[in-house]
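Work through the exercises below with the sequence and the coordinates open. Each task is followed by a solution in steps.

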Amino acid sequence: MKKAIESANIPQAIGPYSAAIATEKNIFTAGQLGVDPKTGQFAGASIQDQTKQALINLGAILEEVDCNYDNVVKTTVFLADIAEFSAMNEVYATFFKAPYPARSAFQVAALPKNARVEIEAIVVRE
C-alpha cells in the first residue's frame, strides 16, 4: 500500500511530487518550507518564522494521517545558512519532546523559493 497524502492545510507541491507518502506503517514527508498555505508566501523573513511555519505544515500532514509530532522518528533539516542553526533549533525544540526524533541538519547551496529552511520527516504509525 502506498498512498499520497495531500491537504488544503499545507502548501501545494511545486513539482511532480506528493507532500507525503503513507505506507501501512510509515509516512515519508517531502521537505516542508515555511510557506503559509493560505497566502502562498513565506510566513516571515526570519529563520524562526520559517522554521515555525515549516513545522506547522509538517503538523498538518501528521493530522491527515492521524499522527502527531510524537510519531516523528527522524527529521532532516536543510539550512540556507548553517550559522542560523541555533535560531532554528530554538524553534524546533518547541515542537518535539523527549525522546526526540533522530535528526540530521546541514547547509545546502540553495533551497526552493530561496527559503531559509526546509524540513522533512519520517513518521511511524503506532
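Rings of Phe, Tyr and Trp (its six-membered ring) pair if their centres lie within 6.5 Å; planes under 30 degrees apart count as stacked, over 60 as edge-to-face and the rest as tilted. The model is predicted, so local features need pLDDT of at least 70 and side-chain atom pairs count only at pLDDT 80 or more, while totals for chains, interfaces and linings use all residues. Residues are numbered from 1 along each chain as its sequence is written, and side-chain values use heavy atoms, with hydrogens and water left out.

**Exercise 1. Find the aromatic cluster and the charge over one of its rings.**

Step 1. One aromatic cluster is formed by Tyr69, Tyr92, Phe95 and Phe96.

Step 2. Take tyrosine 92 and phenylalanine 96: their ring centres are 4.7 Å apart and their planes stand at 35 degrees, so this pair is tilted. Both residues are buried (buried means under 20% relative accessible area, exposed over 50%, partly exposed in between; 1.4 Å probe, protein chains only).

Step 3. Over the ring of tyrosine 92 sits the charged end of arginine 103, 4.5 Å from the ring centre. The criterion is NZ of Lys or CZ of Arg within 6 Å of the ring centre and within 35 degrees of the ring normal.

**Exercise 2. Classify the pair of phenylalanine 78 and phenylalanine 106.**

Step 1. The pairing rule gives a count of 4 aromatic pairs. In the pair of phenylalanine 78 and phenylalanine 106, the centres are 5.2 Å apart and the planes 85 degrees, which is edge-to-face.

Step 2. The two residues are 28 residues apart and link distant parts of the chain: phenylalanine 78 belongs to strand E5 (residues 72-79) and phenylalanine 106 to strand E6 (residues 102-107). Helices (H or I, at least four residues) and strands (E, at least two) are DSSP runs, numbered from the N terminus.

Step 3. Phenylalanine 78 counts as buried because its relative accessibility is 16%. Phenylalanine 106, at 35%, is partly exposed.

**Exercise 3. Describe the overall fold and its dimensions.**

Step 1. The protein has 2 helices and 7 strands, in the sequence order β-β-β-β-α-β-α-β-β.

Step 2. Its radius of gyration is 14 Å, close to the 14 Å from the globule rule for 126 residues, so the protein is as compact as a globular protein of that length. The radius is taken over C-alpha atoms, and the rule is 2.2 Å times the number of residues to the power 0.38.

Step 3. Along the principal axes, the C-alpha atoms fill a box of roughly 40 × 30 × 25 Å. Of the 126 residues, 41% count as buried.

**Exercise 4. Pick out the backbone features in the loops.**

Step 1. Alanine 98 and proline 99 are joined by a cis peptide bond, with omega about 0 degrees. Proline 99 lies in the loop between helix H2 (85-92) and E6.

Step 2. Which phi does aspartate 66 have, positive or negative? Although not a glycine, aspartate 66 has a positive phi of about 55 degrees. This residue is in the loop between H1 and E5 and is exposed, with a relative accessible area of 74%.

Step 3. Asparagine 114, not a glycine either, has a positive phi of about 60 degrees. The loop between E6 and strand E7 (117-124) holds asparagine 114, and the residue is exposed at 67%.
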